[in-house]
Each structure stands twice: as C-alpha cells, then as structure tokens.
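This report looks at side-chain contacts, taking charged pairs and aromatic rings in turn. Please keep the sequence and the structure in view while reading.

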Amino acid sequence: MQPHIVIFDSGIGGTTVLEHIQQKYPYAQYSYVMDNLFMPYGRLNVEVLRQRLHAKLLTIQTLHPTIDIIVIACNTASTQTLEFLRSQTSIPIVGVVPAIKPAALLSKKGQIGLLATPGTIQNVYTHSLISEHAQQAKVNLYGSTELVELAEQKFWHGQVDHAKLLAECEKLAITQDNDVLVLGCTHFPILKDELQAIVGSAIQLIDSGQAIANRVESILQSKHWGKGIKKELVRYYATAPINSNKVSVSEIKLIDPLSQN
C-alpha cells in the first residue's frame with residue numbers, strides 16, 4: 001500500500017513541488033487538481049480563494065474517499081487560506097510559504113529579493129515572515145502575474161515568449177544588489193533557467209520545493225508504507241479545458257460549498 005497524495009494549485013506550477021515529493025515517494029498515488037478557471041490565484045481576494053479551495057477539497061474527497069495528505073502547492077493560497085482549509089477536514093494539509101528564512105541565511109550582502117504574485121507580496125503573513133526571519137536583511141519585493149502565464153506556456157507548449165519574459169523582468173527591475181532571489185510562486189521554478197540567465201549568476205535563485213517534500217515526508221513517515229511495484233501515472237484534474245496533449249487531464253466541475261449547507 002502506498003500513500004495517496006493530493007496536490008492543489010491554480011495551474012501547473014505545483015508540479016515543481018510534485019517533482020520533489022515524487023523523489024521521496026516514487027510509487028505513491030498522486031492526484032493533481034488545478035483550478036485553471038480562476039488562474040492565477042494571485043489576483044483573487046481572500047473570500048474567493050477560500051471558496052475555491054474549499055470547493056476543491058469537497059470535490060477531491062468525493063472523487064477519492066481515501067486521501068493521506070493534501071499539499072497546497074501555491075504560495076498565495078497557502079498564506080491566505082491554510083488555517084481555514086485545515087478547519088474543514090481531518091486530512092493533514094501542508095502549505096507552501098516563500099523561502100524567506102533560508103534566503104536571509106544564505107545572503108552575504110544582507111539584501112534579498114522576493115519574486116511572487118501580488119497576492120503573496122501584499123499578504124500580511126508574508127510580511128510577518130520577513131519581520132521574523134529577515135530582520136537583518138533588506139528585502140526587495142517584486143510582484144508579477146505575467147510570469148505565471150509564461151510558465152504555463154513553457155510547461156504545456158515547451159517554449160517561452162522570450163521577448164515578453166525580458167520585458168516583464170525589465171519592468172520588475174530586479175536589482176543586482178540582491179544576492180539571493182526567492183521564487184515565491186510555484187510556477188516560477190519552471191522558468192528558473194530563463195530567469196537565471198536574465199538576472200545573472202551572481203544572484204542565487206531558491207524556492208521551497210525541497211522543504212515542502214521534507215515536510216510531507218515527516219508527516220507520512222509514521223506510517224509503514226508497503227514497497228511499490230510500479231510507478232502510477234499522476235491523475236490530473238482541471239476546472240477549464242487544457243489546450244495541450246502533454247498529459248491526460250480530466251475536466252471537473254467543483255462542488256459548491258454553499259450547496260452542502
């Protein structure tokens with residue numbers, strides 16, 4: 001028997017976290033639920049985010065009664081809805097938060113950058129992380145939703161509009177005074193090579209993928225999972241059509257939480 005691990009995100013960005021978890025549990029069952037109808041989550045207010053995440057929870061529990069852990073592989077959703085979602089289920093839920101603490105520890109200049117969606121940049125929880133873990137560092141904030149769209153383009157179609165990417169990075173004006181740049185959206189590691197080429201090798205790019213996989217392992221390791229025989233295909237679900245044949249995706253309609261009252 002292997003664990004059933006469910007990944008939530010607005011789009012395909014959570015696959016960057018999924019890859020790290022798969023290295024630890026290669027034979028697990030995986031369900032990946034993307035809410036691309038409302039992508040990117042970084043544009044949504046807290047009330048809408050809660051409703052969408054609650055709807056995903058109700059829907060996946062209906063589709064798969066046995067779930068061992070849920071990973072909210074979205075910084076915006078995690079920082080704004082994690083405690084609420086945990087109150088709605090007994091299933092362990094792991095969230096993703098920007099890697100502020102490790103970035104501050106790595107920085108030799110005492111100046112780091114956080115590249116994330118506006119929802120994460122503006123969130124109170126994000127600023128509490130900065131206050132708690134980067135007191136001795138200057139933290140420069142860069143908000144972008146355009147990079148989410150470009151990451152989706154690369155994943156599904158294998159290419160990036162480099163002119164748009166360069167224009168977005170020029171608009172963000174990421175200073176060379178940073179020596180560490182936190183990729184605070186799970187979509188952004190998809191563009192890591194392109195971003196590294198633009199900002200230069202003097203800036204180290206980091207994300208939370210490995211830390212989240214470690215957290216999942218710490219929760220699941222108390223159970224004795226049988227040895228897997230073969231790797232299973234990830235089951236992908238989406239709330240809007242996907243114009244790509246890269247992976248097989250089942251389109252679903254989310255259950256309205258209000259209909260359950």
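## Charged pairs within a helix

Lys 171 is exposed, with a relative accessible area of 64%. The model is a predicted one, and in it Lys 171 forms a salt bridge with Glu 168, with the closest N and O atoms 3.3 Å apart. Both residues belong to helix α8 (residues 162-172), where they are three residues apart and therefore separated by about one helical turn.

The structure holds five salt bridges, and another of them joins Glu 83 to Arg 86, whose closest N and O atoms are 3.0 Å apart. Glu 83 and Arg 86 both lie in helix α3 (residues 75-86), again three residues apart, which is about one turn of that helix. Glu 83 counts as exposed at 55% relative accessibility, whereas Arg 86, at 35%, counts as partly exposed.

## A charged pair between helices

A further salt bridge is formed where the side chains of Lys 154 and Glu 194 meet, at 3.0 Å from N to O. This pair links distant parts of the chain, since Lys 154 is in helix α7 (residues 146-157) and Glu 194 is in helix α9 (residues 192-199), 40 residues apart. Lys 154 has a relative accessibility of 22% and counts as partly exposed, while Glu 194, at 14%, counts as buried.

## Aromatic pairs

Two aromatic pairs are present in the structure. In one of them, the rings of Tyr 32 and Tyr 236 have centres 5.5 Å apart and planes at 50°, so this pair is tilted. Because Tyr 32 lies in strand β2 (residues 29-34) and Tyr 236 in strand β9 (residues 235-238), the pair ties together parts that are 204 residues apart in sequence. Tyr 32 is buried, with a relative accessible area of 0%, and Tyr 236 also counts as buried, at 11% relative accessibility.

Phe 155 and Trp 156 form an aromatic pair that is edge-to-face, with 5.0 Å from centre to centre and 85° between the planes. Both Phe 155 and Trp 156 are buried.

## A charge over a ring

Which residue lies over the face of Phe 155? That position is taken by Lys 246, which is found 3.8 Å from the ring centre.

Methods. Residues numbered from 1 in each chain as written. Predicted model: local features only at pLDDT ≥ 70, side-chain atom pairs only at ≥ 80, totals over all residues. Heavy atoms only, no water. Phe/Tyr/Trp six-rings, centres within 6.5 Å; stacked < 30°, edge-to-face > 60°. Helix = DSSP H or I, 4+ residues; strand = E, 2+ residues; numbered from the N terminus. Buried < 20%, exposed > 50% of the residue type's maximum accessible area, 1.4 Å probe, protein only. Lys NZ or Arg CZ within 6 Å of the ring centre and 35° of its normal. Salt bridge = Lys/Arg side-chain N within 4 Å of Asp/Glu carboxyl O.
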